[in-house]
Amino acid sequence: MNSTKLYVLDCDALKDGELYRRYYEAMPQVRKNKIDKTKFDSDKRLSLGAGILLKRALDGFDTSKIISKEFKKPYIEGCPLSFNLSHSGKYAAAAVSKSNVGCDIQQITPISDKVAKRFFCPSEQELIMKAGNEEKQREMFFRLWTLKESFIKATGDGMSLPLNEFCISLDGDTPSVEQAVNDKKYSFSEFGIDDNYRLAVCVESGEKLNIAPEIITVK
């Protein structure tokens, strides 16, 4: 049985004021505080959507007791599950696993060559350049970006781990990582969402992942 699950929510559904208020009131205070700190309505919907998915992923655990430390992955004391959240554009995503897990979703948008040169290793930059036209290069950029982000989240180091200190390889049936961060093995799974989004999951495991995102609806 697969111990990793992935949930995705289209947060545009929360544009309905009554629906938004109902789900907002059901959130623990720590999530309400996160929502209230955001400035734009779109960001408030994304934060609320992440909270909705987190409650779904951690059903049976008190999400008000999440402990967060700078650059480290949040956790709940006594909870045997690893969890991670991400959001971009109009989508929120949540991954949960018995092993350390990270996820990242990104909307495909215009990019600058300087970003890839700064954060990607030479072999990844080469994959982008060889991808084809500008559209294909953008798709490859965000494919690699989500894989890299999911990896640093799975390690628990977050953005304290420089993105150019490890390399994603696309040789073989599934992506892999060449890294000296630790001696652990990691597996990846990736998806295209809505043709304009890339989503990746990374799990601390030597086994091939066989998961598919569960699309959550609110009503």
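Two strands count as paired if DSSP finds at least two bridges between them. Helices (H or I, at least four residues) and strands (E, at least two) are DSSP runs, numbered from the N terminus. The structure is a predicted model, in which local features need pLDDT of at least 70 and side-chain atom pairs count only at pLDDT 80 or more, while totals for chains, interfaces and linings use all residues. Residues are numbered from 1 along each chain as its sequence is written, and side-chain values use heavy atoms, with hydrogens and water left out.

**Sheets**

Strand 4 and strand 5 (residues 91-97) are joined by 7 bridges in the antiparallel sense. Within this pairing, Asn 84 has Ala 95 of strand 5 as its bridge partner. Both strands belong to an open sheet of 4 strands, ordered 4-5-1-11, whose pairing is mixed. Its edges are formed by strand 4 (82-88) and strand 11 (214-216), each of which pairs on one side only.

A further open sheet, of 3 strands, has the order 6-10-9 and antiparallel pairing. Strand 6 (101-107) and strand 9 (186-193) are its edge strands; each has a single partner strand, so one side of each is left without a neighbour in the sheet. Strand 9 runs antiparallel to strand 10 (residues 197-204), with 8 bridges between them. Ser 189 is placed opposite Val 201 of strand 10.

| 4-5-1-11 | 20° |

**Helices on the sheets**

Angles run from 0 to 180 degrees between N-to-C directions, with axes fitted as lines to C-alpha atoms, for helices over the stretch in contact. Contact means heavy atoms within 4.5 Å. Helix 3 (residues 41-57) packs on the sheet of 4 strands, touching strand 1 (4-10), strand 4, strand 5 and strand 11; its direction makes about 25° with that of strand 5. Helix 6 (residues 134-155) lies across strand 6, strand 9 and strand 10, and runs at about 150° to strand 6.

**Nonpolar cores**

A nonpolar core is a set of buried Ala, Val, Leu, Ile, Met, Phe, Trp, Tyr and Cys residues joined through side-chain atoms within 4.5 Å, where buried means under 20% relative accessible area (1.4 Å probe, protein chains only). The largest such core has 25 residues, and those with the most contacts inside it include Leu 48, Leu 53 and Leu 58. Helix 3 supplies its largest share, 6 residues. Strand 1, helix 1 (17-25) and strand 5 are also among the elements that each supply at least two. Not counting residues up to four places away in sequence, Val 218 touches Leu 9, Ala 13, Leu 14, Leu 19, Tyr 23 and Ile 52. Another core, of 23 residues, lies apart from the largest one and includes Ala 116, Trp 145, Phe 166 and Cys 202.

Key: Buried < 20%, exposed > 50% of the residue type's maximum accessible area, 1.4 Å probe, protein only.
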